[in-house]
Amino acid sequence: MFSLSFKHVSMLFFLFLAFNCFSMFGSNAQSLPQDEVKLLQTISDKVNNLNWKVTNRSCNSGDKGFGNEIIVEDQIVRNVTCDCSFNSSTVCHVTMIFLKGLNISGIFPSEFGNLTHLKTLDLTRNYINGSIPKSLGGLSSLVTLSLLGNRLSGPIPSEIGDISTLQEMNVEDNQLEGNLPPNLGNLKNLQKLMLSANNFTGTIPEAFGNLKNLTNFRIDGSSLSGKIPSFIGNWTKLERLDLQGTSLEGPIPPAVSVLKNLKELRISDLKGNTTMTFPDLKDLKRMQRLELRNCLITGPIPDYIGELENLKTIDLSSNRLTGPIPGSLEDLESINFVFLTNNSLNGTIPGWILSNKQNFDLSFNNFTESSAPDCQILDVNLASSVSPSANTTLSCLKRNLPCSGKPRYHSLFINCGGPATEFDDNEYEADDHLRGISNFVPSVSGKWAYSSTGVFLGNEKADYVARNVFSLNINNGSEYYQTARIAPISLKYFGFCMLKGNYNVKLHFAEIMFSDDQKFSSLGRRIFDVSVQGHKYLKDFNIMEEAGGVGKGITRDFNVDVNDSTLEIHLSWAGKGTNAIPMRGVYGPLISAITVTPNFKIPSNGLSAGAIAGIVIGSLAFVMLILFVLWKMGYLCGKDQTDKELLELKTGYYSLRQIKVATNNFDPKNKIGEGGFGPVYKGVLSDGAVIAVKQLSSKSKQGNREFVNEIGMISALQHPNLVKLYGCCIEGNQLLLVYEYMENNSLARALFGKPEQRLNLDWRTRMKICVGIARGLAYLHEESRLKIVHRDIKATNVLLDKNLNAKISDFGLAKLDEEENTHISTRIAGTIGYMAPEYAMRGYLTDKADVYSFGVVALEIVSGMSNTNYRPKEEFVYLLDWAYVLQEQGNLLELVDPTLGSKYSSEEAMRMLQLALLCTNPSPTLRPPMSSVVSMLEGNTPIQAPIIKRSDSTAGARFKAFELLSQDSQTTSTFLQDSRELRGKSMDGPWVDSSISYPSKDEYSSTDKLI
């Protein structure tokens, strides 16, 4: 035991203070040299959007001179890193500069080359122009140089070859030109050399054979010529080799066989006439992605392919391959994509492929036999895959897609990638199917189809439909320029059963995936080829260059002959242009619309006027005779047509006695709701099955026709997120539907019912419900045999089972989107607050009306508030109105249900809210299809929603629609009172309907009332 004297304590305290002061002084003494401060500030002053405020203290923590921040991880980054270990930790030097995605513009400052301690310079995706400064050759410590996605021009300075420490160099997606400097072969430490999407010429220098540490070499889309050099065999550490879309000649050198570390090999579009057999790749066991496209390869696919067990992608399309598909391919457990299209493969299409769940494209081959029942099975494309002599009744399987009957069509109007629309008095058919990896998709009309092949490089989840996400002001008023179909490799359109003759083929293009400003997103270059009837009319076609900018419609037309009843339009990517602007995976052919009209007089049937008159008179007499007989037999004016239709429906049938027993003779205690049809009862069948019985009310607003409609719709549909119809009962004046029972009633009651009825829905459950609704609608719109628009999506029509899975109900208002209909003009029916403005005002009905309604429901799920009942302030009509205000203020998360507290994912909530606003965009063309909604909800696809301000005239359309609807009622206050009463009822059960109906525009008169 001991104690310190006062003197000792004082001494220790003094030493502590002295040490602390020294540390603080030392920390503050760390500073940038003044000449480096001037260099950095000069760099900032020479360019735009950088705005550094550099001082000798800028390396100290807390100083904001460099404005360091990570805005979007690895995409938008502003970061300057210093090393302050020099001169006994008193001097700092800048060692790393990351300025990514900031749209910095101006000429590349040469002063970067004077930052002698720099190890990393990353200026990815900006708007910098000029040439690469020669001064960069003086950066003796530089390890990484990335200049991807700028406007740099001129040659690569040979001085870059003096940076002996350089390990990575990326100058992809610029406008560099000239020969590759042989001096780059001196970079013995270089591991990654990425040069794609520039304008280099000449050959690959022999000196590059010295780059023996290379792991990644890419030079797609340049005009390099000569043979593929055999010195690539020196690159034994190579893991990725990309040689797509150059002017290099084949064959692929045998040296490729020694690259045993290779994981990705992409070679395409080799020049010359020298054919080759399949290269020896059997020792490349690490191979994951093998793409040898249009390389003049002949002969069979070798069996050893099945031994490369790590393969995920095989693309051997557009070669001259023959023979059968090797059985060893079946053993590849990791395979995801196989593209063998446009070869001459023969033999039998293996049965294991037809049952395979991966993407296979076998289209345009010469197989001799197939047991396939269709041309598209799961994700297997078999269009035009068998020889004309093959024994099959499916014309779409046969080579060249012959007409199955007599040629009869003479025109085509297709809105590629978009909904049905009208332009110049022509009805353009919808082409809004989202899939395109290995898909053959016939149109609803049967007049045409498209075949799409490929997966986007760097983004396997990219969409195959492009939209005007940058809100470009298209100079041409055509609606079809708002969307487009895209493909990474090949996109073919076919016109079927065309009359023989000469046609005018108009192809409409508008570049809508790049921005129209001085940002890196405007720097993309889309280059592809276009052929019609096998003749290449457009080579290296660049929409933006030909049209004079983005968002500008342009048409190219050709006169072609159709002699064998099939018209073929082929758009293909030959490896050229950018593929990483504004993000990875943006490239390949794009087309907005197709117009095909005859250059000949349409032949008549050849009947004389007298013959036609005789046929008409005879037909009328025959019809009158038939009508008379039917009237005498009691079939006319004496039987209920609805009963007849109901009896013809293929669904389960229950007797009235069974239903009465199950519901205890419709005991009021078993009543669980009141819908548009009438009451809904809970029942228990004799086998113990719990059911819900919907009874048609004599006062029903929907009535018998809608009753028949609902049975017909649901009986044809089976999906986990749709309410299952067990059957119906038709006896006397009783019309009953029997459904599966939903234990947790409706989403409306769960969210904003009476306090005792509400459910405590946590965030995970809300996400599950929202995704479930989206999947159900995606099935209705895109996946089911029938294309159905529900018309009345709302929280009361979403039911919850015992596990809180969402199921869409009440199909009484549903409409078939029948063939050749651009939209459905019918009486307006739905629920105010959920109806899309174009439908509410004009009766214009497409599946995008359901997308709008879904957006409203998604908003309700996040907020826990009813769109029509919640009014935070008098000037806001709906919850949706308030959401747009919060979006403008940047406070969108204020909408999240306060009962969740902090127990929710802010990222997922923001995603769902932004998606809700995207879905409720006043313009239907800017709303995404439901399959994209599902992908966005699950985080697989980014949400790029154009901002809609409440002051915009287009946004006002939404509220104008509801004003017009209210004005159509003779007494607005009465209508609002009635709707509130209906909403009150809706809380008592799942089967509710506060819907309204209006006549279509064509049926409307001033005396029409609310139904």
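**Helix packing, pockets and backbone of the model**

Q: At roughly what angle do the axes of H11 and helix H15 cross?
A: Helix H15 spans residues 906-919. Helices (H or I, at least four residues) and strands (E, at least two) are DSSP runs, numbered from the N terminus. Axes are lines fitted to C-alpha atoms, for helices over the stretch in contact, with angles from 0 to 180 degrees between N-to-C directions. The axes of H11 and H15 come within 11 Å and cross at roughly 30°.

Q: What kind of model is this?
A: Numbering starts from 1 along each chain as its sequence is written, and side-chain values use heavy atoms, leaving out hydrogens and water. Local features need pLDDT of at least 70, side-chain atom pairs count only at pLDDT 80 or more, and totals for chains, interfaces and linings use all residues, since this is a predicted model.

Q: Is H11 roughly parallel or antiparallel to H15?
A: The axes of H11 and H15 cross at roughly 30°. Under 35 degrees counts as roughly parallel, over 145 as roughly antiparallel, 65 to 115 as roughly perpendicular, and the rest as oblique. H11 is therefore, relative to H15, roughly parallel.

Q: Which residues of H15 make the contact with H11?
A: Contact means heavy atoms within 4.5 Å. H11 contributes Trp763, Arg766, Met767 and Cys770. From H15 come Glu908, Ala909 and Met912.

Q: How far apart are the axes of H11 and H16?
A: H11 covers residues 763-783 and H16 covers residues 930-937. They pack at an angle of about 155°, and so are roughly antiparallel to each other. Their axes are apart by 8 Å.

Q: Which residues of H16 make the contact with H11?
A: On H11, the contact residues include Met767, Cys770, Ala774, Ala778 and Glu782. On H16 they are Met930, Ser931, Val933, Val934 and Leu937.

Q: How many nonpolar residues are in the contact of H11 with H16?
A: Ala, Val, Leu, Ile, Met, Phe, Trp, Tyr, Cys and Pro count as nonpolar, Asp, Glu, Lys and Arg as charged, the others, Gly among them, as polar. The contact of H11 with H16 has two polar and two charged residues. Its nonpolar residues number ten.

Q: How much space lies in the second largest pocket?
A: On a 1 Å grid over protein atoms alone, a pocket is an open set with protein on both sides within 12 Å along at least five of seven lines; a cavity is a set where a 1.4 Å probe fits but cannot get out; lining residues have an atom within 4 Å of a point. The second largest pocket is lined by 35 residues, with Gln75, Arg125, Phe520, Pro582 and Met583 nearest its centre. Its lining has 14 nonpolar, eleven polar and ten charged residues. Grid points are joined across faces, edges and corners, and the space filled by probe spheres set on them comes to about 960 Å³.

Q: Which elements give two or more residues to the lining of the largest cavity?
A: The largest cavity holds about 100 Å³ of space. Gly417, Asp432, Arg467, Lys848 and Pro929 are nearest its centre, among 13 lining residues. The elements are strand E30 (465-467) and helix H13 (847-863).

Q: What is omega near for the peptide bond from Ile581 to Pro582?
A: Most peptide bonds are trans. Pro582 is in the loop between strand E37 (567-572) and strand E38 (590-591). The bond from Ile581 to Pro582 is cis, with omega near -5°.
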